[in-house]
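Me: Please walk me through the cavities, pockets and helix packing here. Keep it brisk.

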Amino acid sequence: MLNITRGTGEFLAHVIGAMGARAILEIGTSNGYSTLWLADAVAANGGKVTTVGMAPLKLRMARENIAASGLGRTIEQVEGDAGALLSRSSDCSYDLAFLDSERTEHLGWWADIKRVLRPHGVLIVDNATSHAAEMAPFMQAVAAEAVFSTSLVTVGKGEFVASRVPDMARYWGPRKTVASGASVVREAQPYEGTVSIAGRKLRRAVGFSRSPTGPAGARVEATAAPYWCFPFLSERRLPAR
């Protein structure tokens, strides 16, 4: 079973907490491992995860894992085609969409993904570096959208991040060309630490540095920011403890 890495789970939880996201869409339930990371993070915001998958065996495993987790009230599990779910979803339905599914389908879903994301919405796609060749056409299409800011986060199997927030990508590190052609994204430098938002410390989270160094073990504190902002936009670096 090819689950996301723990680092990716921590990154997703960090983004959800920083955004204050309440409505999450996951395309690719698998056995529910990533679903539980999303649900645990969004539960603190009083939100919900809608997750869609098709494989019967994996869906059964996911139902069992969700039941055992105690997070069932935070999760709506949909059995069926992701494209069909997207097409019937209302405009501006989700704060964050996480894709970890058939990579060949991503381009076909893109028009609906744009439509269902809220104005501050964020898209995160797994396997951006582990399956770079398969991901390249989709990443190029998203990066070509003038209203989206894109980033490549080097955690786990590589997370491609796109946001409607103007110029967000400039906070994620130096530019890096990820495929032949004109498509350019940004690569962040990850480190683990503790993040404090409006006085509330998040549990062990993954932060990202605007500098190319971002030492492991760095401790980060952030000032309060609008709920769609990432806390490291206003970070001040403190020595590791």
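**Cavity, pocket and helix contacts**

Reply: This is a predicted model. The largest cavity is lined by L2, N3, I4, G28, T29, S30, N31, G32, Y33, S34 and D100.

Me: By class, how does the lining of the largest cavity divide?

Reply: Gly counts as polar, and Tyr counts as nonpolar. Residues G28 and G32 of the lining are thus placed with the polar class. The division is three nonpolar, seven polar and one charged.

Me: How much space lies in the largest cavity?

Reply: A search of the whole structure finds one cavity of 30 Å³ or more. The space in the largest cavity is about 50 Å³.

Me: Which residues lie nearest the centre of the largest pocket?

Reply: The largest pocket has a volume of about 650 Å³. Its lining takes in 27 residues. Nearest the centre lie G28, K58, D100, S101 and E102.

Me: What is the class make-up of the lining of the largest pocket?

Reply: Asp, Glu and Lys count as charged. K58, D100 and E102, among the residues nearest the centre, therefore fall in that class. The whole lining divides into nine nonpolar, nine polar and nine charged.

Me: Are α1 and α2 roughly parallel or roughly antiparallel?

Reply: The axes of α1 (residues 6-19) and α2 (residues 33-43) come within 9 Å. They cross at roughly 30°. Angles under 35 degrees count as roughly parallel. So the two helices are roughly parallel.

Me: Which residues make the contact of α1 with α2, and what are their classes?

Reply: From α1 come R6, G9, E10, L12, A13 and I16. From α2 come Y33, W37, L38, A41 and V42. By class, the contact has eight nonpolar, one polar and two charged residues.

Me: How are α5 and α6 oriented to each other, roughly parallel or roughly antiparallel?

Reply: Helix α5 (residues 106-116) and helix α6 (residues 132-143) pack with their axes 10 Å apart. The angle is about 25°. Under 35 degrees counts as roughly parallel. Therefore α5 and α6 are roughly parallel.

Me: Which residues of α5 and α6 meet, and what are their classes?

Reply: On the α5 side are H106, L107 and W110. They meet M135, P137, F138, A141 and V142 in α6. The classes are seven nonpolar, one polar and no charged residues.

Me: Does α5 pass α6 in a left-handed or a right-handed crossing?

Reply: The handedness of α1 passing α2 is right-handed. For α5 passing α6, the crossing is right-handed.

Methods:
Residues numbered from 1 in each chain as written. Predicted model: local features only at pLDDT ≥ 70, side-chain atom pairs only at ≥ 80, totals over all residues. Heavy atoms only, no water. 1 Å grid on protein atoms, 1.4 Å probe; cavity = no way out; pocket = protein on both sides within 12 Å on 5 of 7 lines; lining within 4 Å. Points joined across faces, edges and corners; volume = space filled by probe spheres on them. Axes fitted to C-alpha atoms, helices over the stretch in contact; angles between N-to-C directions. Helix = DSSP H or I, 4+ residues; strand = E, 2+ residues; numbered from the N terminus. Parallel < 35°, antiparallel > 145°, perpendicular 65-115°, else oblique. Left-handed = near helix turned anticlockwise from the far one by under 90°. Contact = heavy atoms within 4.5 Å.
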